[in-house]
Amino acid sequence: MKTAVVAVIVRAGKVLVVQRAAGIPAAGYWTPPSGKLNAKETEPQALVREMQEELALAVRPLRCVWQCPAEGAAYRLHWWLAAPMSSTLDPAPAEIAAVRWVRPAQFARLQPTFTAGRHFFETILPALPEWRGHRAPLGSTLEQ
């Protein structure tokens, strides 16, 4: 099974999510930004490269916090906390239709979303030490 990385980028108690553009698999779905590993690339390297390519955003990978199979694809998703190194985004229109910063409860109202994404926001994220006790300003913890 191939590996892909999912970036959990947090700022001011919100997580960055993207709506996948028309013409790519799962177009229209809302999810944290993600991407596939290239040959001989580590997960942190892929995370940095994909966020630069898709959002023109520099990130610092912190740690892998969860893994799950991708829905409808032969990939294992590795979810990584990542600190944004800047505040500006320039989404690549061929890959991303829209961008939002959302609180976990807001993610549940976006449509459509993947089951794994809903599970992450409902169960995994609230249990992370980096998130617990930071109902609002987690970003300051991760951005230091």
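The largest pocket is lined by 28 residues, and R20, P25, S34, K36 and L77 lie nearest its centre. A pocket here is an open set of points on a 1 Å grid over the protein atoms alone, where a 1.4 Å probe fits, with protein on both sides within 12 Å along at least five of seven lines; lining residues have an atom within 4 Å of a point. The structure is a predicted model, in which local features need pLDDT of at least 70, side-chain atom pairs count only at pLDDT 80 or more, and totals for chains, interfaces and linings use all residues. Residues are numbered from 1 along each chain as its sequence is written, and side-chain values use heavy atoms, with hydrogens and water left out.

The volume of the largest pocket is about 630 Å³. This volume is the space filled by probe spheres set on the grid points, which are joined across faces, edges and corners. Several elements each supply at least two lining residues, among them β1 (2–11), β2 (14–20), α1 (43–55) and α3 (115–127). Helices (H or I, at least four residues) and strands (E, at least two) are DSSP runs, numbered from the N terminus. The lining has 17 nonpolar, five polar and six charged residues. Ala, Val, Leu, Ile, Met, Phe, Trp, Tyr, Cys and Pro count as nonpolar, Asp, Glu, Lys and Arg as charged, and the others, Gly among them, as polar.

The mean pLDDT (the predictor's confidence in each residue, from 0 to 100) is 91, and 91% of residues reach 70 or more. Over residues 136–144 the pLDDT is below 50, yet this stretch has 27 contacts (heavy atoms within 4.5 Å) beyond near neighbours in sequence.

Six aromatic pairs are found in the whole structure. Rings of Phe, Tyr and Trp (its six-membered ring) pair if their centres lie within 6.5 Å; planes under 30 degrees apart count as stacked, over 60 as edge-to-face and the rest as tilted. The W66 and W79 rings have centres 5.3 Å apart and planes at 55°, so this pair is tilted. W66 lies in strand β5 (residues 59–69) and W79 in strand β6, so the pair ties together parts 13 residues apart in sequence. The rings of W79 and F120 have centres 4.6 Å apart and planes at 20°, so this pair is stacked. F120 lies in helix α3, 41 residues from W79. W79 is buried (under 20% relative accessible area; exposed is over 50%, partly exposed in between, with a 1.4 Å probe and protein chains only), at 2% relative accessibility. F120 is buried at 0%. W66, W79, F107, F120 and F121 form one aromatic cluster.
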